[in-house]
Each structure stands twice: as C-alpha cells, then as structure tokens.
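Me: I've got a protein model open and want to talk through it with you. Can you take my questions one at a time?

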Amino acid sequence: MAYFDSPKNRALWNKELASLRKMKEDRQSGKVPAVTAEASEKPDMSMRNLRNMHRVRTSYKELLAEETSEIKARRSAGMTKAVEKNVQKTKSAPSMSL
C-alpha cells in the first residue's frame, strides 16, 4: 500500500475513483442507454482488442515458417563469421611460400 503514501499517487487514485463512481451513477440513473445483445458483443471485442493490441493473430504454419527463417539466418550468419575468421587467420599467418 506504499503507492498511496505519496500525495501525488493518492490524488491520481481519488480522481480515477471519482470518475468511476460518476460512470456508475450514470448507468444506474439511466443516462447511458441500455446495451442490446448485438451491441454488447462489439464493445466486448473492441475491449479485448484494446487489451491485446500488441498481439497479432498468426497461424501455426506461419510461426513455423518464421522460426525456420530465423534459424537459417542464424546459421548463415554463423557461417559468414567462420569464413571471415578463416580469412583473417590466413592473412595474419606467415606465408611459407618463396
């Protein structure tokens, strides 16, 4: 409960609580129209989308393809690093030819 020890945080919480109470009073007094069955599904979906905005629907095949491409990219990057190391070794090693 240390969050409420700060006067700033306590003020923010009281403001949020006041707005929630006002919304509740509006619903109870009938200022907000009653929600129909069709309308209740749409806001629910939009709220779900708002909560999960960072999530993107993908199929299992798409995930496998993405994973495969990442593995191939890592392998090819590893191969290029190994080739570069071999080239540097041959350049730094003294030549035995006359």
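Reply: Helices here are DSSP runs (H or I, at least four residues; strands are E, at least two), numbered from the N terminus. One caveat: this is a predicted model, where local features need pLDDT of at least 70, side-chain atom pairs count only at pLDDT 80 or more, and totals for chains, interfaces and linings use all residues. Residues are numbered from 1 along each chain as its sequence is written, and side-chain values use heavy atoms, with hydrogens and water left out.

Me: What is the N to O distance in the salt bridge of Arg-74 and Glu-70?

Reply: A salt bridge takes a side-chain nitrogen of Lys or Arg within 4 Å of a carboxyl oxygen of Asp or Glu. The side chains of Arg-74 and Glu-70 meet that way, and the N to O distance is 4.0 Å.

Me: Is Arg-74 buried or exposed?

Reply: Buried means under 20% relative accessible area, exposed over 50%, and partly exposed in between (1.4 Å probe, protein chains only). Glu-70 has 38%, so Glu-70 is partly exposed. Arg-74 has 56% relative accessibility, so Arg-74 counts as exposed.

Me: Which backbone oxygen does the side chain of Ser-76 reach?

Reply: Ser-76 is in helix α3, residues 60–92, and at 42% relative accessibility it counts as partly exposed. Its side chain gets to 2.9 Å from the backbone oxygen of Ala-73.

Me: What accessible area do Tyr-3, Leu-12 and Trp-13 have together?

Reply: Leu-12 belongs to helix α1, residues 7–29, and is partly exposed because its relative accessible area is 45%. Patches take residues with over 30% relative accessible area and no salt bridge, joining like charges within 9 Å and nonpolar side chains (Val, Leu, Ile, Met, Phe, Trp, Tyr) within 5 Å. Areas come from the Shrake-Rupley method with a 1.4 Å probe, and for residues only the protein chains shown count as cover. Tyr-3, Leu-12 and Trp-13 form a nonpolar surface patch, together about 310 Å².

Me: What pattern does the protein chain follow along the sequence?

Reply: The chain has three helices and zero strands. Reading along the sequence gives α-α-α.

How values were computed: A polar contact is a pair of N or O atoms within 3.5 Å; within protein, one must be able to donate a hydrogen and the other to accept it, and residues adjacent in sequence count only if both atoms are side-chain atoms.
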